[in-house]
Amino acid sequence: MPELPQRKVGIVACSGEELAEGTVTRLAALRVLEHLRPGETVTICLPLFLAGGEGDRAFARFYPTIALDGCDKRCAARATELYSGKPAAGVVVTDLVREHGLGQPEGARRLNASGQQAVEVTANRVAGLVDEILGGQWSRHSGSFVEAAPAATPEAAPQAGCACASAIPVQTVDVDGQAVPVAALPLIFEQFRGAGKAPGAEVTKELLATVKIYNDVPAGTDGAYLAALAREFAAYCARKQARP
Amino acid sequence: MSPEVRKVMVVPCSGIGKTYGTVSREAAYEVTEDLRPRSTQLVALSLLVLGDEEARAAVRAHPAVTIDGCKLTCAAKMVQESGGQVAQGIAVLDVYRRNRELKPQGIAELNEGGHLLAHAVAEEITVIVDDLVAREEAPDHA
């Protein structure tokens, strides 16, 4: 049976090679991924939004995402929004340096002491944002928190997560005449069928609840989504029965 | 960025999830800061992703050497997407296959093998850069 990833926060760093602040984003992201919030975060290389496939571009629709930028060009935030989905939050290193009265980070290749301090401050800010996002229900559609919800349970064996080789499967379905890409739907169908669940009204409601974990379902569209999911799951099961 | 005084653009892949991405980045710094600072220019991949005009102009106006840490070849693809020409694409994994004793480890901080592999990559790029510069400076170059 496939395993759906638990709810995690995606971190997209600009990694700008030209600037010390770009190196700060990279090292701060890695500190969060490897040490501060290892079971609750995942990352992707920014260029994959263009160089990768649809599954890579689904990243920010699948994970609430923190864009981590070195300068006010905000390449990570803007590219994430342009090619994948609106980030849940953004951090700009130059702003943090100013806020905290740190010295100027220098040395893109080898950070000076101020750069190392900036890594600490940035990583802590990102970790705090991860906690906020996992403690609330983030709407990818509106770009804001919609209601309080229990924090996600961390995974048992924390490890740094890279999404490079694990593009998220996306299935486009007709929802009330609109072609809507639904992240993780193939995995969800496979999981439900593997659990012995057959098409039916109750199972369709469960499907919608699972779809909502990974996708933004606009308010007032539950009925249209239920109809679409019922139709698609029945078709999926029929296909599997014909070609197990 | 001053592409008019630089001959070859060096574009590393920005890979953040694997050690080979860090090797790519370190090799790019070694070429542009230590080995051939006057004839090369580092181009940040994030700028190309966002379509930054100055970065795009740089890779359009000059040959580019790309350094990729995995088979997805983001750096090479982004240079091409930006209208530039990849004069030579370097795959870190290929260099590692030729130098099996240099096993890289670590992402935030490379081990010694990683630094040595980055140096091997940088040395290969230096040969390519010298060749490209020689061709650009040849009397019959258009």
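## A buried arginine and the salt bridges around it

Arg26(A) is buried yet has no salt bridge, and Glu17(A), the nearest side chain of opposite charge, sits 6.4 Å away. Welcome to this predicted model, in which 19 salt bridges are found over all chains.

**Around Arg26(A)**

- Arg26(A) belongs to helix α1 of chain A, which covers residues 20-36.
- Leaving out residues up to four places away in sequence, Arg26(A) touches Ala13(A) and Ser15(A) in chain A.

**A salt bridge within chain A**

- Asp131(A) and Arg37(A) form a salt bridge, with their closest N and O atoms 2.7 Å apart.
- Asp131(A) lies in helix α7 (residues 113-135) and Arg37(A) in the loop between α1 and β2 (41-43) of chain A, so this pair ties together parts 94 residues apart in sequence.
- Asp131(A) is partly exposed, at a relative accessible area of 37%.
- Arg37(A) is also partly exposed, with a value of 22%.

**A salt bridge between the chains**

- Arg109(A) meets Glu33(B) in a salt bridge of 3.3 Å, N to O.
- This pair crosses between chains: Arg109(A) is in the loop between α6 (93-99) and α7 of chain A, while Glu33(B) is in helix α1 (residues 19-35) of chain B.
- Arg109(A) is buried, with a relative accessible area of 19%, whereas Glu33(B) is partly exposed at 40%.
- Both residues take part in a network of salt bridges that also links Arg110(A), Glu26(B) and Asp34(B).

**A salt bridge within one helix of chain B**

- Asp94(B) and Arg97(B) form a salt bridge, the closest N and O atoms being 2.8 Å apart.
- The two residues lie in helix α5 (residues 92-98) of chain B, three residues apart, or about one turn of the helix.
- An α-helix has 3.6 residues a turn, so residues three or four places apart point the same way.
- Asp94(B) is partly exposed at 36% relative accessibility, and Arg97(B) is partly exposed at 47%.

**Helix α5 of chain A**

- In helix α5 of chain A (residues 75-83), the buried residues are Cys75(A), Ala76(A), Ala77(A), Ala79(A) and Thr80(A).
- Within chain A, these buried residues pack against β1 (9-13), α2 (48-51), α4 (59-62) and β3 (65-69).
- They also pack against α2 (45-50) of chain B.

Conventions: Residues are numbered from 1 along each chain as its sequence is written. Chains are lettered from A and ligands numbered from 1 in the order in which they are written. This is a predicted model: local features need pLDDT of at least 70, side-chain atom pairs count only at pLDDT 80 or more; totals for chains, interfaces and linings use all residues. Side-chain values use heavy atoms; hydrogens and water are left out. Buried means under 20% relative accessible area, exposed over 50%, partly exposed in between (1.4 Å probe, protein chains only). Helices (H or I, at least four residues) and strands (E, at least two) are DSSP runs, numbered from the N terminus. Contact means heavy atoms within 4.5 Å. Lys and Arg count as positive and Asp and Glu as negative; His and the chain ends are not counted. A salt bridge is a side-chain nitrogen of Lys or Arg within 4 Å of a carboxyl oxygen of Asp or Glu.
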